[in-house]
Amino acid sequence: MSRRRPGRDDSPDRLYTLTGGRSSSGSDVFDLVTLIVAECDPVPGMQSEHAAILRMSRFPTAVVEIAAELELPVSIVRILLADLLGTGRISARHPRTAHGSAHSSYRLPDPDILEQVLVGLRNL
Amino acid sequence: MTASSSPLRPSALALLVTSVASGAFCTAAVAAAPSSVQLPLGWFAGSGALLLSVAAFAVTWLAHSARLLRRQVGDAEARNARLTAETAARAAELDRLAGIHAKETAALAAAHAARLGAANAAHADTRERLGEELRRAESGRAAAMAAAANAAGRMQALATGMLADLREMEHRHAAEDVLADLLHLDHRTAQAGRLADSVAVLTGARSGRRWARPIVMESILRGAMGRIGGYQRVRLHSTSDAAVAGHAAEGVMHALAELLDNAANFSPPTAEVHVYVEEVPAGIVITVEDSGLVMSDLQLRRAERAVTAESLDLAGISGTRLGLAVVGRLARKHGLTVSFRPSARGGTGALILLPHELLSSTNPEPPLSPSTLPADLPAATADGAADEGGVRTERAAPAPAPAPAPALAEAEAAPEPPARQGDGEGPEIGESGLPQRRRGRTLAAAHPDGPDAAGRAPRIPPGTASRSAARFGSFRQAVRAAGTPHSNPPHPEGDTEK
């Protein structure tokens with residue numbers, strides 16, 4: 001079985017140590033697709049997750065992608081991001097903000113169309 | 001002289017009587033005789049009287065002497081007989097005494113032998129009983145240790161399994177209140193696991209977990225910190241990117257956790273505990289400093305003795321102060337050097353030296369490694385971004401060289417994109433042309449990253465779609481992890497690595 005054996009491949013970090021015991025970011029700035037852009041380079045002595053986020057988000061990166069890359073739950077990543085946002089090391093951009101802008105040709109596809117595509121795929 | 005004088009007196013008496021009688025007779029005879037014969041008769045009678053007297057004297061003398069001698073012989077014989085009898089009596093007495101002595105000696109010897117035998121038997125019995133008790137105590141102790149070790153091992157396995165379960169649940173439940181509860185349980189379980197680890201270490205059980213790969217220092221510190229109650233008071237100061245070899249990582253974390261626990265427990269509830277990591281020629285020194293009570297010299301020495309003790313006996317361990325004994329065991333097992341000194345913060349500092357044998361130079365987590373990440377991630381991002389924009393541009397202008405890349409790491413990434421591009425017409429179908437790549441690319445193009453990325457177009461160099469699919473895979477994984485519940489069956493306890 002390809003499932004990872006528990007306790008062997010895990011990281012010894014417990015999640016509460018990453019966040020200092022917090023379980024809530026206290027802000028709703030971040031959802032799954034919020035784009036994160038680093039505003040500075042990682043500095044030595046930084047928590048490794050923060051440094052990894054800064055490296056990863058040199059170019060706009062979605063929260064969910066960061067979470068996948070770090071293999072952490074999204075809620076935890078939100079807390080880490082909130083810390084970084086609080087110190088001004090990243091900026092968060094919501095994709096919806098681009099939706100109403102001048103780039104109307106890049107807006108999200110209509111859910112109806114997506115649904116039709118799904119139906120079509122299933123019919124294949 | 002009595003023998004000679006005693007016959008003299010009767011002899012003299014006989015002489016005197018005889019001479020007087022004969023003298024008187026002679027005188028009478030002479031007087032009666034005619035005067036003519038008076039003179040010769042006088043002479044004759046006188047001589048006869050003299051002779052008679054002498055004869056009487058001699059007879060009497062001899063008779064008395066013989067009687068005396070006879071009496072002396074009788075005395076001597078009697079004495080002799082008496083002495084003989086006495087000798088015989090003495091001999092008999094001697095024999096009797098000898099017999100009594102022999103009897104008494106035999107009796108005493110027998111009594112002594114009996115007492116000695118009894119004493120020996122009692123001694124042997126006592127020895128036997130003591131030996132039996134010792135054996136029983138020893139086997140009881142061994143059995144108790146084995147039972148404790150076994151129970152601790154199972155506790156460890158349970159705790160490890162629970163931690164893995166909790167980790168899985170933490171990934172599955174996105175709701176913040178649920179997550180908070182899960183984290184709380186996680187923390188409690190980690191502390192219970194540490195206690196089980198401590199008991200396992202003290203009872204000589206196998207160590208709890210084996211990590212399959214080296215663990216970076218930051219994870220070591222956080223892993224140790226997560227196992228104590230007051231972890232929120234611990235401040236880590238580490239820039240080291242060294243890693244601890246997998247076989248020793250658990251021991252190091254456990255020892256560090258015990259020291260952190262001591263530091264947190266013996267300092268005010270609001271004081272922070274600081275952890276510093278310093279690389280020295282002999283290895284790495286981890287310093288745990290608290291600002292609690294200053295330990296006296298005696299206490300410092302006692303603590304040092306506790307962590308350096310050679311003996312393995314459990315005497316003197318109290319139920320609530322297991323920490324230093326555990327640290328000592330772990331230090332001996334992994335070759336750590338632990339020492340204590342007064343801290344500049346006002347409390348006590350504990351130092352652990354990890355020798356080079358425990359350190360691993362290989363960096364186990366490439367995504368977090370400073371050496372590989374700058375070369376890797378920008379390229380990936382560039383690829384994905386170019387791909388998203390590729391719907392419009394790629395046909396007309398097949399990706400130019402990545403020369404305009406502004407990112408700092410592009411120089412290292414530069415050789416890669418041309419090599420990937422050389423084999424196909426463009427990023428449309430990717431380098432392998434697999435359908436998944438196309439689907440991933442198309443979905444990626446439809447992803448709302450598009451507009452934003454396009455808005456930042458000057459920063460993004462065009463590239464290939466080589467990594468977009470892999471990246472999208474992780475995206476999907478994250479969405480699934482965050483959104484839909486897993487269908488993983490709960491793993492049994494036996495699955496847990498011991």
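In what order do the 5 strands of the open sheet in chain B run? I read β2-β4-β5-β7-β6, with mixed pairing. Strands here are DSSP runs of E with at least two residues, helices are runs of H or I with at least four, and both are numbered from the N terminus; two strands pair if DSSP finds at least two bridges between them.

A note on the ground rules: this is a predicted model, where local features need pLDDT of at least 70, side-chain atom pairs count only at pLDDT 80 or more, and totals for chains, interfaces and linings use all residues. Residues are numbered from 1 along each chain as its sequence is written, chains are lettered from A and ligands numbered from 1 in the order in which they are written, and side-chain values use heavy atoms, without hydrogens and water.

β2 (234–237) and β6 (337–342) of chain B are the edge strands, each pairing on one side only. I then followed β2(B) to β4 (residues 273–280) of chain B: the two run parallel, joined by 4 bridges. B:V234 sits opposite B:V273 in β4(B).

Then I turned to a residue in a helix. B:S11 belongs to helix α2 (residues 8–32) of chain B. I list B:S11 as buried because its relative accessibility is 0% (buried is under 20% relative accessible area, exposed over 50%, partly exposed in between, with a 1.4 Å probe and protein chains only). Beyond neighbours within four places in sequence, B:S11 contacts B:F57, B:T60 and B:W61 (heavy atoms within 4.5 Å).

Last, cysteines. I found 0 disulfides over all chains, a disulfide being a pair of cysteine sulfur atoms within 2.5 Å. A:C40 is partly exposed at 30%, while B:C26 is buried at 11%.
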